Structure formats: C-alpha cells, structure tokens
Amino acid sequence: QNETRWVLEVVSAIIFEGKPAILGSAMDITQQKLTETKLTESENLYRTIFETTGTGTVIIEDDKTLSLINTEFEKVTGYRKEEWEGKRTWVDLIYEKDLPRLEEYHRIRRINPELAPRTYEFRLVDSQGNIKNMLSTNCLIPGTRKHVCSVIDITELEEKGSELLIKTRNLEELNTALRVMLKQRAEDREELEQTLMT
C-alpha cells in the first residue's frame, strides 16, 4: 500500500552459535506517532486560543492556585506569569470587601456549577495597588475540579458611565431651564402683544 510506518527498533550485541551477532527487534509505533502529532496540534490550538482571546484568562485549580496565565492577564494585573503560575492563589488579587463573595462562588462552583454565577463583577488590586473593576466569566472544566476564568477591565467603562450620567443630569437641568425660559418668553410675547393691542 506504500504507507510510511514509524518503527521503534532495539538492537543488541549477542553471541549466536558461538559467534558475535546482532539481535534486532522492531515494533510498529505508527499509531503512537499519529496520536502524538494530534496531541501536539491540539495543544498548539489550545495555547493559541488561550493566548489570543483578548481577555485576561487563567486556569484556576481546586485550591485556588493559578496554574496557567495568559499574557493579557499579565497586562491587567501588572504581574508576570513567573510570579504566579503554580505559586499563588487568586485570593491575593481580590479587593478585600469582594473576597468572601468570590470564595463562596468558588466553593459552590465545585459542588454544583449551575448554582454559581457564571458572570459577575468584582474589584481587583493590581501590582501598583490600583483598584480595578472587572467583569469575570467562569466555567468549570468538564471532568476536573479546575475552572477557566476570563476577566475584562471595565473600570473605564464605569467611569465613562458615571461621566455620561453626570452629563445626562446636566442636560436634563439645562432642558428644564430652557423650558422655563421658553415659557417666560412666550408669556412676555403675549404680554407685549396685549400691550400693542391696547
């Protein structure tokens, strides 16, 4: 069939019928090689997706340790992967007032993933001590007690939202003032018309 096959060969020197000889044995490992190739491709695909999601993404172990961190997460937190991967827990990143709620979500997610919220907001303290508002999406990895967590920094959005709210209130006040002025103008005009008629 002209197929290329991978073979593992083992040779050793022996004495055969009183003379030096070489004993060789071969084993077909084509299927193992194909499996390794598929595994490598799958790993490369997984790593590429993990690194290019556009969000800070981590794999969190049952004991809260961050076992895998992508580059975007480094940018959000200001910490390097080497400082955290397999060494520290996410607890050290959370604003203290939000910590009890997030620890409860972590506990519940491992009892029944359906009961823990998948998406929620919390505050994160970065390497410079800045408090950032984060939007987090979480999912337990099937067949494990690990979960994947993606975060987006929404601090600017919330600040812009507050600015928009202030501007909206200012516009409402301006509109009210304009309505009052227009009403006064209409009354003044009416009065002027009355005066002219008189």
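In this predicted model, T77 is buried (under 20% relative accessible area, with over 50% called exposed and partly exposed in between; 1.4 Å probe, protein chains only), its relative accessible area being 2%. T77 belongs to helix α2, which covers residues 71-77; helices here are DSSP runs of H or I with at least four residues, and strands are runs of E with at least two, numbered from the N terminus. Leaving aside residues up to four places away in sequence, T77 touches L93, L124, D126 and S127, where a contact means heavy atoms within 4.5 Å. A polar atom of the T77 side chain also sits 3.2 Å from the backbone nitrogen of Y79.

Turning to the whole chain, 5 helices and 7 strands are found, arranged along the sequence as β-β-α-β-β-α-α-α-β-β-β-α. Of its 198 residues, 25% count as buried. Among contacts with a separation of 6 or more, 34% join residues 24 or more positions apart. The chain exposes about 14,700 Å², and carbon and sulfur atoms supply 55% of that area, as computed by the Shrake-Rupley method with a 1.4 Å probe.

The structure holds 0 disulfides, a disulfide being a pair of cysteine sulfur atoms within 2.5 Å. C149 is buried at 8% relative accessibility, whereas C139 is partly exposed at 35%.

Residues are numbered from 1 along each chain as its sequence is written, and side-chain values use heavy atoms, without hydrogens and water. Local features need pLDDT of at least 70 and side-chain atom pairs count only at pLDDT 80 or more, while totals for chains, interfaces and linings use all residues.

How values were computed. A polar contact is a pair of N or O atoms within 3.5 Å; within protein, one must be able to donate a hydrogen and the other to accept it, and residues adjacent in sequence count only if both atoms are side-chain atoms.
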